[in-house]
Amino acid sequence: MGAKNNLNMIKFQSTKVYDGFSTCFRQWRATGTHCKFLHGYGTSVKLTFEGDLDERNWVYDFGGFKRSEKTINGLSPDQWLKWLLDHTTIIAEDDPAYNDFIKLEELGVVQLRVIPAVGAERFAEYIHTQLNPLVEEETSRRVSIISVEFREHEKNSAIYYKH
């Protein structure tokens, strides 16, 4: 009995990487650095799931975001990540050039995404705040996304950890 009880306390982790995105952004608050200008990267996102195994012995279905019945603004999580990051320009909602970016979007020059804050750390946090509630609801809280790693490229990344 004791060994079985110990097994019930074990949590498993799995990871999923979404990559191939071309994302442009600027950190308008980064005065004194070139990051205040628009710049782009080949970005990727690595999600780490943690929880108990399901009847298939999986933490989370690797294709689950494509087949999810839960949506974000009417998009599957897989589609939402592409909507957010693929060939887009992302600015912070308090960017002083906000209205200029809106005009660029109206002209068809950019696919604009406006989020609370920008930067690799904030992208990781934002993605977590959007995806984790969906995963927890879908799995009846059996699984959580415990971290999101946002990569600008192979040398730079930031990780947000669930509290």
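Buried means under 20% relative accessible area, exposed means over 50%, and partly exposed is in between (1.4 Å probe, protein chains only). These legends describe a predicted model, in which local features need pLDDT of at least 70, side-chain atom pairs count only at pLDDT 80 or more, and totals for chains, interfaces and linings use all residues. Residues are numbered from 1 along each chain as its sequence is written, and side-chain values use heavy atoms, with hydrogens and water left out.

**View 1**
Helices (H or I, at least four residues) and strands (E, at least two) are DSSP runs, numbered from the N terminus. The C-alpha atoms fill a box of roughly 65 × 35 × 25 Å, taken along the principal axes. Of the 163 residues, 42% are buried.

**View 2. Strands 1, 2, 5 and 6 are the topic here: strand 1 meets strand 2, strand 2 meets strand 5, and strand 5 meets strand 6.**
Two strands pair if DSSP finds at least two bridges between them. Strand 1 (residues 12–25) runs antiparallel to strand 2 (residues 39–51), and 13 bridges join them. Look for Gln13, whose bridge partner in strand 2 is Glu50. Strand 2 also pairs with strand 5 (residues 143–153), in the antiparallel sense, over eight bridges; here Leu47 has Val148 as its bridge partner in strand 5. Strand 5 and strand 6 are antiparallel too, with six bridges, and a hairpin joins them through two residues.

**View 3. Step inside the largest nonpolar core, a set of 32 residues.**
A nonpolar core is a set of buried Ala, Val, Leu, Ile, Met, Phe, Trp, Tyr and Cys residues joined through side-chain atoms within 4.5 Å. Leu47, Phe49, Phe65, Leu85, Ile127 and Leu131 have the most contacts inside this core. Helix 5 (120–138) is among the elements that give two or more residues to the core, and helix 5 gives the most, with eight residues. What does Phe65 touch, leaving aside its neighbours within four places in sequence? Its contacts (heavy atoms within 4.5 Å) include Tyr18, Leu47, Phe49, Leu131 and Ile145.

**View 4. Helix 3 (77–85) has a buried face.**
The buried residues of helix 3 are Pro77, Asp78, Trp80, Leu81, Leu84 and Leu85. Seen down the helix axis, they fall within an arc of 165°, so they line one face of the helix; the arc is that of the directions from the helix axis to the C-beta atoms. Just after helix 3, His87 takes a positive phi of about 55°.

**View 5. Salt bridges: Asp94 meets Arg29, and Asp61 meets Arg56.**
A salt bridge is a side-chain nitrogen of Lys or Arg within 4 Å of a carboxyl oxygen of Asp or Glu; a search of the whole structure finds twelve. In the salt bridge of Asp94 with Arg29, the closest N and O atoms are 2.4 Å apart. Asp94 sits in the loop between strand 3 and helix 4 and Arg29 in the loop between strand 1 and strand 2, so the pair ties together parts that are 65 residues apart in sequence. In the Asp61 and Arg56 pair, the closest N and O atoms are 3.9 Å apart. Is Asp61 buried or exposed? Asp61 is buried, with a relative accessible area of 16%, whereas Arg56 is partly exposed at 40%. A network of salt bridges links Asp54, Arg56, Asp61 and Arg67.
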